[in-house]
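Student: I would like to go through the aromatic pairs and nonpolar cores of a model. Please set each value against its cut-off.

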Amino acid sequence: MTINHFFDALVVNKKDEDFSMDIKKLNFDDLPEGEVFIRVHYSSVNYKDSLASIPNGKIIHTYPQVPGIDLAGEVVSSTDDRYKEGDPVIATSYEIGVSHFGGYSQYARIPSKWIVPLPKGLSLKESMIIGTAGITAALSVQSLVENDITPEVGKILVTGATGGVGSFAIAILSKLGYEVVASTGKEEKHDFLKRLGADSIVSREEVYDGSVKALGKQKWTAAVDPVGGEGLASILSQIQYGGSVAVSGLAGGNNVPTTVFPFIIRGINLLGIDSVYCPMETRQKIWKLLATEYKPVDMNVLMQQEITIEQLPSVLPTLLKGGAVGRTIVKL
Ligand SMILES: NC(=O)c1ccc[n+]([C@@H]2O[C@H](COP(=O)([O-])OP(=O)(O)OC[C@H]3O[C@@H](n4cnc5c(N)ncnc54)[C@H](OP(=O)(O)O)[C@@H]3O)[C@@H](O)[C@H]2O)c1
């Protein structure tokens with residue numbers, strides 16, 4: 001393999017009030033410590049990456065930084081014997097793209113304890129169509145399964161349905177045979193949701209009309225909720241007796257004005273989902289599921305855009321206004 005010492009990376013910087021985001025030429029010596037040196041082939045765009053693209057996103061720990069919380073590529077060299085030149089590998093989350101140079105870069109140096117070998121059944125490109133959003137969706141589904149939510153038990157509500165986590169959750173649940181109700185704010189994307197496998201579609205207002213009852217009509221058996229906020233309080237009041245809600249995000253806010261009633265009167269479970277520090281053993285199990293029984297039937301429906309590093313500065317901020325549809329991957 002020919003190795004160039006200079007390569008392209010997206011660099012964000014902030015000093016006092018000055019914020020910048022530019023594609024720069026970096027040198028191998030600019031990369032942080034890590035046992036595994038990787039030629040990055042693909043990265044992806046997640047909500048967190050969009051926060052990295054604005055001055056007050058509060059997601060970047062140290063500047064200057066190369067964002068991109070996901071990356072997939074080929075090992076160039078490794079000081080850890082478990083990896084050798086040419087191995088296809090994936091790395092997502094931990095400190096990547098927030099305090100350790102991330103995936104919006106043609107090369108990366110990553111600690112081996114953060115790396116997952118590409119599972120059989122997935123290409124590098126497919127692994128980034130999945131990325132953190134797909135892992136989070138898979139962890140949410142797995143958590144519902146562990147809480148006895150089987151396909152026979154009833155309707156599963158998925159909020160933020162057109163977003164990365166929501167769209168992936170629909171594809172996985174549908175493949176597993178669940179009855180999926182997608183909640184979206186985008187009327188024009190109903191076809192996309194149907195193609196993913198949603199059985200029916202409701203508006204955001206049907207889930208949360210602006211007021212939260214302590215207990216409401218029992219509409220859903222379980223929910224995958226990456227939106228959070230007041231809508232989550234409303235969902236909790238609508239879950240059937242003994243049901244569960246897997247919550248992973250705050251696209252709709254972080255304040256959840258609920259009461260104890262859904263928990264103590266209907267025995268509802270609120271399941272917290274974290275993909276960032278999710279233990280390696282669980283991570284590997286989830287990747288294996290994503291390469292086999294959870295693998296969406298048609299990845300191309302989920303992949304809405306493949307962009308270049310040059311397009312990142314204009315694409316990244318679009319997610320922050322609820323504009324995400326499916327998954328966007330970045331070819332490096
Ligand atoms: N816990 C974890 O490990 C983890 C991992 C990944 C992501 N997350 C979090 O999960 C959330 C979603 O991530 P994502 O990658 O799916 O983001 P995304 O691709 O930007 O999608 C978010 C979706 O939420 C909906 N939405 C946005 N604003 C809303 C509002 N004010 N009220 C109701 N719905 C709204 C929109 O879908 P519709 O228009 O279809 O309603 C939007 O497309 C983010 O907060 C992210 O930080 C957490």
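Tutor: We take the rings, then the charges over them, then the cores. This is a predicted model, in which local features need pLDDT of at least 70, side-chain atom pairs count only at pLDDT 80 or more, and totals for chains, interfaces and linings use all residues. Residues are numbered from 1 along each chain as its sequence is written, and side-chain values use heavy atoms, with hydrogens and water left out.

Student: Where in the chain do phenylalanine 7 and tyrosine 107 lie?

Tutor: Phenylalanine 7 is in strand 1 (residues 6-15) and tyrosine 107 in strand 6 (residues 107-110), 100 residues apart. Strands here are DSSP runs of E, at least two residues; helices are runs of H or I, at least four; both are numbered from the N terminus. Phe7 and Tyr107 also belong to one aromatic cluster with Phe28 and Phe37.

Student: Why is phenylalanine 7 called buried?

Tutor: Buried means under 20% relative accessible area, exposed over 50%, partly exposed in between (1.4 Å probe, protein chains only). Phenylalanine 7 has 1%, so it counts as buried. Tyrosine 107, at 5%, is buried too.

Student: What makes tyrosine 94 and tyrosine 277 a tie between parts of the chain?

Tutor: Tyrosine 94 lies in the loop between strand 5 (88-92) and strand 6, and tyrosine 277 in the loop between strand 13 (269-272) and helix 8 (280-291), so the pair joins parts 183 residues apart in sequence. Tyrosine 94 is buried, at 11%.

Student: How do you know that arginine 39 lies over the face of tyrosine 107?

Tutor: The test asks for NZ of Lys or CZ of Arg within 6 Å of the ring centre and within 35 degrees of the ring normal. Arginine 39 is at 5.5 Å from the ring centre of tyrosine 107. Arginine 109 sits over the ring of phenylalanine 37, 5.1 Å from its centre.

Student: What makes a set of residues a nonpolar core?

Tutor: Its members are buried Ala, Val, Leu, Ile, Met, Phe, Trp, Tyr and Cys, joined through side-chain atoms within 4.5 Å. The largest core has 53 residues, and Phe168, Ile170 and Leu290 have the most contacts inside it. Helix 2 gives the largest share, 11 residues.

Definitions and conventions:
Rings of Phe, Tyr and Trp (its six-membered ring) pair if their centres lie within 6.5 Å; planes under 30 degrees apart count as stacked, over 60 as edge-to-face and the rest as tilted.
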